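This report describes one protein model, residue by residue and then as a whole. Please keep the sequence and the three-dimensional view at hand while reading.

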Amino acid sequence: MWQTDYGPEAGIPAKSSEYDCVDMESDKDAYLAFKTGKIKAFTSCDPWGSVAEYEGTGKIIASTQYKEESTGKQYNCCSFSLNKNFIKDHPELAKKLVLAHTKSIEYIYTNPVKAAKIFAEDYNVDEEVALMTIYKKTVGEGRTLTWKITGEEYKNNLEMYKEYKKMDKVPSYDEVVDKSLLDSCGADDFDKFIEEKVDPVFPKDMSYDDWKAKAIKLDKQ
């Protein structure tokens, strides 16, 4: 993704040979190294980019939505997944877990302040950082938190792994994606949920300040 998204979006060289790269144990470690001046930049998932901006130690220069501008291809970042043996041994529980996952995403969209409090406690960050992160994933970058699976995003991931030789043996799409639990667990239709419950309250073009003000107001009602 660095070659197709991060580099071009940030206006910096895309070739890794242009950098002295350091492997970190975690995103938190990368941020601490950045904050203390041991490294000049880092890539990570939020909240660490938001922490840098909140603490004034750095600025997010690129925030990819995992979509190639040149081709329009979309990619998947993180997924909720279950072990196949677990599904086989506990099919009803597996179905409940998938449904609970979709409901948790709904909760983040519709109760961002309460969700931010949970997030902040779990990551040990300021609640403002948690709000900044939730805004990015639900409004700022689009509706990137989703349980909707088109299939293309995973197929593009697998093709990317093949192209850049990220795995010795890249599995097939059917080996890693199974929508049967999602389709049968009783989850709401994501697009309908967004259209009816989110768009009227938090439209996609909303600024962070306006979003935060409305989220706090709704939380107090």
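## Asn156 in helix 8

Asn156 lies in helix 8; helices here are DSSP runs (H or I, at least four residues; strands are E, at least two), numbered from the N terminus. With a relative accessible area of 11%, Asn156 is buried, where buried means under 20% relative accessible area, exposed over 50%, and partly exposed in between (1.4 Å probe, protein chains only). Leaving aside neighbours within four places in sequence, Asn156 is in contact with Lys73, Gln74 and Tyr75; contact means heavy atoms within 4.5 Å.

## Basis of the model

This is a predicted model, in which local features need pLDDT of at least 70 and side-chain atom pairs count only at pLDDT 80 or more, while totals for chains, interfaces and linings use all residues. Residues are numbered from 1 along each chain as its sequence is written, and side-chain values use heavy atoms, with hydrogens and water left out.

## The chain as a whole

The protein chain has 12 helices and zero strands. The C-alpha trace spans about 50 × 50 × 35 Å along its principal axes. For 221 residues, a compact globule would have a radius of gyration near 17 Å, and the 19 Å of the protein chain agrees with this. That radius is taken over C-alpha atoms, and the globule rule is 2.2 Å times the number of residues to the power 0.38.

Of the 221 residues in the protein chain, 32% are buried. The accessible surface comes to about 14,400 Å², and carbon and sulfur atoms account for 49% of that surface; areas come from the Shrake-Rupley method with a 1.4 Å probe, and for residues only the protein chains shown count as cover. Among contacts between residues at least 6 apart in sequence, 59% join residues at least 24 apart.

## Helix 5 and Thr102

Helix 5 has 20 residues and reaches 29 Å from its first C-alpha to its last, close to the 28 Å expected at 1.5 Å a residue. The expected span is 1.5 Å times one less than the number of residues. The buried residues of helix 5 are Ala94, Val98, Thr102, Ile105, Glu106 and Tyr109. Seen down the helix axis, these buried residues fall within an arc of 130°, so they line one face of helix 5; the arc is that of the directions from the helix axis to the C-beta atoms. The cover over them includes helix 4 (84-89), helix 6 (112-123), helix 7 (127-140), helix 10 (180-184) and helix 11 (190-198).

Thr102 belongs to helix 5, which comprises residues 91-110. The relative accessible area of Thr102 is 0%, so this residue is buried. Its side chain reaches the backbone oxygen of Leu99 at 2.7 Å. A polar contact is a pair of N or O atoms within 3.5 Å; within protein, one must be able to donate a hydrogen and the other to accept it, and residues adjacent in sequence count only if both atoms are side-chain atoms. Not counting residues up to four places away in sequence, Thr102 touches Trp147, Leu182 and Ala187.

A cis peptide bond joins Asp46 and Pro47, with omega about 25°. Pro47 is placed in the loop between helix 2 and helix 3. Within helix 3 (residues 48-55), Trp48, Gly49, Ser50, Val51 and Ala52 are buried. These buried residues pack against helix 2 (27-35), helix 6 and helix 7.

Gly56 follows helix 3 and has a positive phi, near 75°. Thr57 is in the loop between helix 3 and helix 4 and counts as partly exposed, at 30% relative accessibility. The C-alpha atoms of Thr57 and Lys35 are separated by 6.1 Å, although the two residues are 22 residues apart along the chain. Apart from residues up to four places away in sequence, Thr57 touches Tyr31, Phe34, Lys35 and Ala52.

## Loop residues with positive phi

Asn124 has a positive phi of about 60° although it is not a glycine. Asn124 is located in the loop between helix 6 and helix 7 and is exposed, with a relative accessible area of 64%.

Lys165, a residue other than glycine, has a positive phi near 50°. The loop between helix 8 (152-163) and helix 9 (173-176) contains Lys165, which counts as exposed at 70% relative accessibility.
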